[in-house]
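This briefing covers a contact between two chains and the elements around it. Please keep the structure in view while reading.

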Amino acid sequence: MSDNKKRILEMLAKNKISADDAYRLLSAIDGGEGRRESAGKAETAVKGKAKYLRVTVLPNPESERSGSCDRVNIRVPMSLIRAGIKLTSLIPSEARDKVNLALHEKGIDFDVRNMKPEDIEDLIGALSDLEVDVVSSKGENVRVFVE
Amino acid sequence: MKRPPTLMHLRIQGERGGFGLWLPLFLLLPLALVVFILLSPLILVATIILWPSGWGKRASFSLRAAIEIFWSMRGLSIDIHSGHQCVSISVA
């Protein structure tokens with residue numbers, strides 16, 4: 001039982017509100033919780049259906065009109081990412097060390113050797129929450145998202 | 001069950017013109033299967049010979065990964081425009 005419901009019942013017990021008022025308030029709370037629950041379920045369903053990773057670069061409207069603009073639209077299936085990540089186990093150990101060193105130089109403390117097939121699903125799951133939206137100084141809009 | 005890609009469309013557009021190419025992957029798949037069946041004894045022998053050195057395991061894993069990547073390509077779309085040039089690849 002939520003705190004709000006308890007408070008309403010306490011107010012009813014102390015005769016601060018009538019039974020009708022208590023019923024109306026409880027119904028309102030139930031309605032709100034129901035809506036939040038269904039919204040949460042819908043959001044989970046949308047996330048569960050994430051099938052593609054999208055990368056788009058849209059030019060600013062002025063350069064689009066002049067025709068001299070760059071435009072990128074990439075759609076990568078999640079299954080392809082999943083299959084590609086599995087290939088990390090084929091990277092030779094010398095190359096892995098170089099990758100680790102390069103990552104460390106960029107300030108990323110991550111060891112590629114620690115990446116296991118079990119982690120792939122977690123990684124894909126985390127990608128579902130990813131959304132990057134950047135507008136450059138030239139007015140170009142770069143978006144990375146999952147759909 | 002995942003379905004394999006059936007068609008690949010490649011389009012390259014330059015300032016002086018361009019071309020588009022439809023690749024019927026569904027026709028290439030049976031051909032690839034026949035080639036694989038014909039070469040499978042050789043692949044098997046090579047894998048057995050190279051197994052002690054570790055390369056056999058790596059080669060078989062690579063082959064499996066390549067097939068899996070090909071199977072997962074359905075839905076891939078790359079569309080890049082730069083000025084009047086354009087490269088577009090889509091797999092359906």
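**Strands and the chain contact**

In chain B, β3(B) pairs with strand β4 (residues 85-91) in the antiparallel sense, over 6 bridges. The model is predicted. β3(B), residues 77-82, is also joined to β2(A) by 6 bridges, and that pair too runs antiparallel.

**The hairpin in chain B**

- The hairpin of β3(B) and β4(B) has 2 residues between the strands.
- G83(B) takes a positive phi in this hairpin, near 65 degrees.

**Pairing between the chains**

- The partner of β3(B) in chain A is β2(A), with 6 bridges between them.
- I74(A) stands opposite I78(B) in β3(B).
- D70(A) stands opposite S82(B), also in β3(B).

**Make-up of the contact**

- Chain A puts 17 residues into the contact, and chain B puts in 19 residues.
- On the side of chain A that touches chain B, the elements giving two or more residues are β2 (70-77) and α4 (78-86) of chain A.
- β2(A) gives the most to that side, with 8 residues.
- By class, the side of chain A that touches chain B has 9 nonpolar residues, along with 4 polar and 4 charged ones.

**Helix α4 of chain A: the buried face**

- Which residues of α4(A) are buried? They are S79(A), L80(A) and A83(A).
- Seen down the axis of α4(A), these buried residues fall within an arc of 100 degrees, so they line one face of the helix.
- What do the buried residues of α4(A) pack against? They pack against β2 of chain A together with α2 (55-71) of chain B.

**Helix α4 of chain A: K86(A)**

- K86(A) is found in helix α4 of chain A.
- Why does K86(A) count as partly exposed? It has 16 C-beta neighbours inside 10 Å, whereas a buried residue needs 20 or more and an exposed one has 12 or fewer.
- K86(A) and I120(A) are 34 residues apart in sequence. Their C-alpha atoms are 8.0 Å apart in space.

Terms used:
Residues numbered from 1 in each chain as written. Chains lettered and ligands numbered in written order. Predicted model: local features only at pLDDT ≥ 70, side-chain atom pairs only at ≥ 80, totals over all residues. Contact = placed C-beta atoms within 7 Å. Helix = DSSP H or I, 4+ residues; strand = E, 2+ residues; numbered from the N terminus. Nonpolar A, V, L, I, M, F, W, Y, C, P; charged D, E, K, R; others polar. Pairing = 2+ DSSP bridges. Arc of directions from axis to C-beta.
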